[in-house]
Amino acid sequence: MNPIPTKDQIRAWIAENPGLSAKRDIAKAFGIKGDARIDLKRLLKEMEAEGSVEKTARRFHDKDSLPPVAVLMVLAPDTNGDLFARPLEDGADETTRILIIPKAGDPPLGEGDRILARLAKVDLDEYHYEARLIRRIGSNPLKLLGIFRANAEGGRIVPIDKGADKEWRVSRDMTMSARDGELVEAEAVGNRKMGLPQARISARLGDPSGPRAVSLIAIHQHGIPDQFPDAVIAEADAARPAPDAGRVNLRDIPLVTIDPIDARDRDDAVYAEPDHEPGNPGGHILWIAIADVAHYVTPGSALDREARKRGNSTYFPDRVVPMLPDVLSGDLCSLHEHVDRACLAVRMRIDESGHKISHRFVRGIMRSAGSLHYAQVQAAIDGQPDDVTAPLLDPILRPLYAAYASLTKARALRQPLDLDLPERKIVLDDDGKVTSVAFRDRLDAHRLIEEFMIAANVAAAEELIRLKRPLLFRVHEEPSVLKLDALREVAEASGFTLAKGQVLKTAHLNRLLAQAEGTEFDELMNISTLRSMTQAYYHPENFGHFGLALQNYAHFTSPIRRYSDLIVHRALIAGHKWGDDGLSQWDIENLEETAKLISDAERRSMAAERDTTDRYLAAFLADRVGAEFAGRISGVQRFGLFVKLDETGADGLIPIRAVGREFFHYDEGSQTLMGADTGVIIGIGQKVTVRLAEATPVTGGITLDLLEIEGKPLTVSARKGGRFAPRKPTQAAAKRRGVVRKRR
């Protein structure tokens, strides 16, 4: 083992290799392995504390030198016409002179321009560095969202970002004629060090409560990063297609992508054929190819740091906040038809019953045979192929469905949780206004892709366990005892049973859902079962996936939109020694922190998406105040009832004061209200008729008046003995209320 280098040797190496200055690069350069890495880490911390080196993100650099890529301010040209610049890096000496070396195709630069440039240190008296342009930062300006306040000079923008404590000044010629009180999107201009920063309005979004503002407000309120830093854009712009060297040629396999009709990124492709190897009659060969994002987003890069911070892409009805810049997510990493794309692929053999016999992972180059959408594929299978799917029907689509049929047999035996909760789709017009709220179609084409992706995710987890490589598992733990007891009470009060005193399996919950199927309590039991579940999350330890009834599960199939999948790809690359862009030592040391960060980011995105949906639905219903709607009680609290409207899926609140003219006792365990005078029981799942009292798009709040429960007018419930609940409280619930009932 090589000895630990001296501090002078490390400083000299960093100065000579500014682009390779991460801890792992230093260790590799000096041949430091194993436990000696700990000594190197300690030495680097000492040097950082002494001030002889600085750490930027995950890289070290000489404190007296600029980093290899830096943000610069262009100065006025000198008498010879040469352009110089000064650094804008934190702590940099502003007197450092940097000569800009232009190259063919560079845009013209002028005094005051901010640029991202690659630097090379030179030993000259006239200047200290030479800079080569990566991009002009003016094409990726700082953006903000806020309320415009007009004044005589133009106006000011009050940002809506949390924590923003500074207004922005807008000159009269940069207001886009925005009106006072409008929500606007703006971009920073100039580089003022004194006074308020200056901005130019780039988009007028109108009423802050209007439809075009809804998702933008959610993005800013939840702190979702929606602008890529300049260094990230520069790295993405510099990316080039992956070379063939060292990759398996998969171009002859007619893989196809099947996505929503409006998909921009296509990160998975599939192919199936009969297995002709002996010993597997009726079996299939499955290929699942996934975009090789790890080739473009390498450990420690600006792209990597930003993707880790974002955690995932966030989807709204009118826009997507992507995890990666569009040049990657929509182009180089997207498996578009008839173009070569880098991928990680798994070949699986499954038997006639859908059980996996074997799998093999490769790093390859593929060429998609078609970019298809779900309805198009389903129509072809159902006998209505179009010009695109007709030639693909027999050689590609039918074998896919045959393999899917086998996988469904294995799924039926495994019995993952089988919830039936229809998903609604918000449809917007060109102005961002909701035109309709419809149910999303659930086709076999959707289920086919889901089953293929689950199979690939399982194979990835099992492969990394076999290779003994660290990874992030997708974990879903079983429900808590408290939540199960609450579900059991709701089930018993509805006339169903959920066995007690045994190890809970998804099959038990599926039997409960089967009992309720087709009855008036169908939706109630699906909602109640969903609410009893824990939230899934990421973790380096494997605790299994309860909902899918799988012991080994990791996310592998969507690295364009989930950082967890990128970690799994890197683990596979490192485990198979496919390149030096696999899981880094830093990745491994910080795996648990990464798991928490991206789990939190996922919850943040879910909250923002939910808030946006609520606001859109409130805006859609705002002009129907006074109208009557059918719905079901979806939640019961001490302060009132939550109702999910049948037509739109919107959730509204009936305040407790509007429930009836008597006092109601609230039972938390069974989530019911019981009238003190009438003994009437109100609980989750009951049918109601309501009147829309108020819809507030800014908050997404919907307030309802209760008119009928289970087809009976509310006035009936106010009379002694009024009963519209077909169920009675359980013995446990009755005891909690102080009611004693004899068993019959």
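The following questions and answers go through one predicted protein model.

Visitor: What kind of model is this, and how are residues numbered?
Guide: This is a predicted model, in which local features need pLDDT of at least 70, side-chain atom pairs count only at pLDDT 80 or more, and totals for chains, interfaces and linings use all residues. Side-chain values use heavy atoms, with hydrogens and water left out, and residues are numbered from 1 along each chain as its sequence is written.

Visitor: How many helices and strands are there in the protein?
Guide: Helices (H or I, at least four residues) and strands (E, at least two) are DSSP runs, numbered from the N terminus. By that rule the protein has 18 helices and 34 strands.

Visitor: What percentage of the 744 residues in the protein is buried?
Guide: Buried means under 20% relative accessible area, exposed means over 50%, and partly exposed is in between (1.4 Å probe, protein chains only). Among the 744 residues, the buried share is 50%.

Visitor: Is Cys-343 buried or exposed?
Guide: The relative accessibility of Cys-343 is 0%, so Cys-343 counts as buried. Cys-333, at 2% relative accessible area, is therefore also buried. A disulfide is a pair of cysteine sulfur atoms within 2.5 Å, and the number of disulfides in the structure is zero.

Visitor: How do the axes of helix H6 and helix H16 lie to each other?
Guide: Axes are lines fitted to C-alpha atoms, for helices over the stretch in contact, and angles run from 0 to 180 degrees between N-to-C directions. The axes of H6 (residues 302-310) and H16 (residues 591-621) come within 7 Å and cross at roughly 55°. Angles under 35 degrees count as roughly parallel, over 145 as roughly antiparallel, 65 to 115 as roughly perpendicular and the rest as oblique. H6 and H16 are therefore oblique.

Visitor: Which residues of H6 and H16 make the contact?
Guide: Contact means heavy atoms within 4.5 Å. On the H16 side the residues are Glu-593, Thr-594, Leu-597, Ile-598, Ala-601 and Arg-604, and on the H6 side they are Arg-308, Lys-309 and Arg-310.

Visitor: How many residues of each class does the contact of H6 with H16 have?
Guide: Ala, Val, Leu, Ile, Met, Phe, Trp, Tyr, Cys and Pro count as nonpolar, Asp, Glu, Lys and Arg as charged, and the others, Gly among them, as polar. The contact of H6 with H16 has three nonpolar, one polar and five charged residues.

Visitor: Which residues is Phe-620 in contact with, leaving aside its neighbours within four places in sequence?
Guide: Phe-620 is part of helix H16 and is buried, because its relative accessibility is 18%. Phe-620 and Thr-435 are 185 residues apart in sequence, but their C-alpha atoms are 7.7 Å apart in space. With those neighbours set aside, Phe-620 touches Val-434, Thr-435, Ser-436, Val-437 and Thr-648.

Visitor: Which glycine in the turn between E27 and E28 has a positive phi?
Guide: E27 (residues 640-645) and E28 (residues 651-655) are antiparallel, paired over five bridges, with Val-643 opposite Gly-652. The two strands form a hairpin with five residues between them, and the glycine with a phi of about 80° is Gly-649.

Visitor: What is the phi of Met-176?
Guide: Most residues other than glycine have a negative phi. Met-176 lies in the loop between strand E10 (168-171) and strand E11 (183-189) and is partly exposed, with a relative accessible area of 43%. Although Met-176 is not a glycine, its phi is positive, about 55°.

Visitor: Is Lys-577 buried or exposed?
Guide: Lys-577 sits in the loop between helix H14 (563-576) and helix H15 (585-589). Its relative accessible area is 72%, so Lys-577 is exposed.

Visitor: In which sense do strands E5 and E7 pair?
Guide: Strand E6 (residues 114-121) is joined to E7 by seven bridges, and these two run antiparallel. E5 (residues 98-100) and E7 (residues 129-136) have three bridges, and their pairing is parallel.

Technical notes:
Two strands pair if DSSP finds at least two bridges between them.
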